[in-house]
Amino acid sequence: MRGGVSTMELVVVVLIMGIIAAVAVPTYLTALARYRSSNAARRIVADLELARREAGMASASRTVTFSSAGESYTLADVADLNRAGAVYSVSLDDDPYYVDIVSVDLGGDEEVVFDGFGQADSGGTIVVRSGGVDNTIVIDAATGLATVL
């Protein structure tokens, strides 16, 4: 008699793997969405702090402009760290973030200007979403500091 795997055993193994995948995939996708949304929010906070510090060091204003439609933002008068001579811009709908900017409310518009002392012209919120997971960034008008809620 030859040893081997019967068709029934193969079907049972494939069925068990399918059940495990059906349970694991939604959990994985939720964790991935949470990871992407959180990383994008932390990147925005870091870049807002960069603009605030650059404004203070240069004693000149620095503007961060968000584009909800383009899922991106730019830091005016800040050089891009990866491309010499280019304006600092971040596309949030590309790798590694893949998030949408749900809303931007920075005093009625989509930009915040840090003056030469690092003070923001207005406070407000930015909401990013990935796979149904939202993260909200809040800019304090009094200090210009941004935090993730």
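What percentage of the 149 residues in the protein is made up of buried residues? In this predicted model, buried residues account for 33% of the 149 residues. The accessible surface of the protein amounts to about 8700 Å², and 60% of this area belongs to carbon and sulfur atoms.

The secondary structure consists of 1 helix and 8 strands, arranged from the N terminus in the order α-β-β-β-β-β-β-β-β. The radius of gyration is 22 Å, well over the 15 Å given by the globule rule for 149 residues, and the protein is therefore more spread out than a compact globule. Along the principal axes, the C-alpha atoms fill a box of roughly 85 × 30 × 25 Å. Among contacts with a separation of 6 or more, 51% are between residues 24 or more positions apart.

The largest nonpolar core contains 29 residues, of which Ile44, Leu48, Val64, Phe66, Leu92, Ile126 and Ile137 touch the most other members. Two or more residues are contributed to this core by each of α1, β1 (62–67), β2 (72–79), β3 (87–91), β4 (100–105), β5 (111–114), β6 (124–130) and β7 (133–139). Helix α1 supplies the largest share, with 8 residues. When residues up to four places away in sequence are not counted, the contacts of Leu48 comprise Val64, Phe66, Val112, Phe114, Ile126, Ile137, Ile139 and Ala146.

Most residues other than glycine have a negative phi, and most peptide bonds are trans. A cis peptide bond, with omega about 10°, joins Asp95 and Pro96; Pro96 is located in the loop between β3 and β4. Glu71, although not a glycine, has a positive phi of about 55°. This residue is placed in the loop between β1 and β2. Glu71 has a relative accessible area of 13% and is therefore buried, the cut-off being under 20%. A positive phi, of about 60°, is likewise found at Asp77, which is not a glycine. Asp77 belongs to strand β2, and its relative accessibility of 59% places Asp77 in the exposed class.

Note on methods
Residues numbered from 1 in each chain as written. Predicted model: local features only at pLDDT ≥ 70, side-chain atom pairs only at ≥ 80, totals over all residues. Heavy atoms only, no water. Core = buried A, V, L, I, M, F, W, Y, C linked by side-chain atoms within 4.5 Å. Buried < 20%, exposed > 50% of the residue type's maximum accessible area, 1.4 Å probe, protein only. Helix = DSSP H or I, 4+ residues; strand = E, 2+ residues; numbered from the N terminus. Contact = heavy atoms within 4.5 Å. Rg over C-alpha atoms; globule rule 2.2 N^0.38 Å. Areas by Shrake-Rupley, 256 points an atom, 1.4 Å probe, with all protein chains shown as cover.
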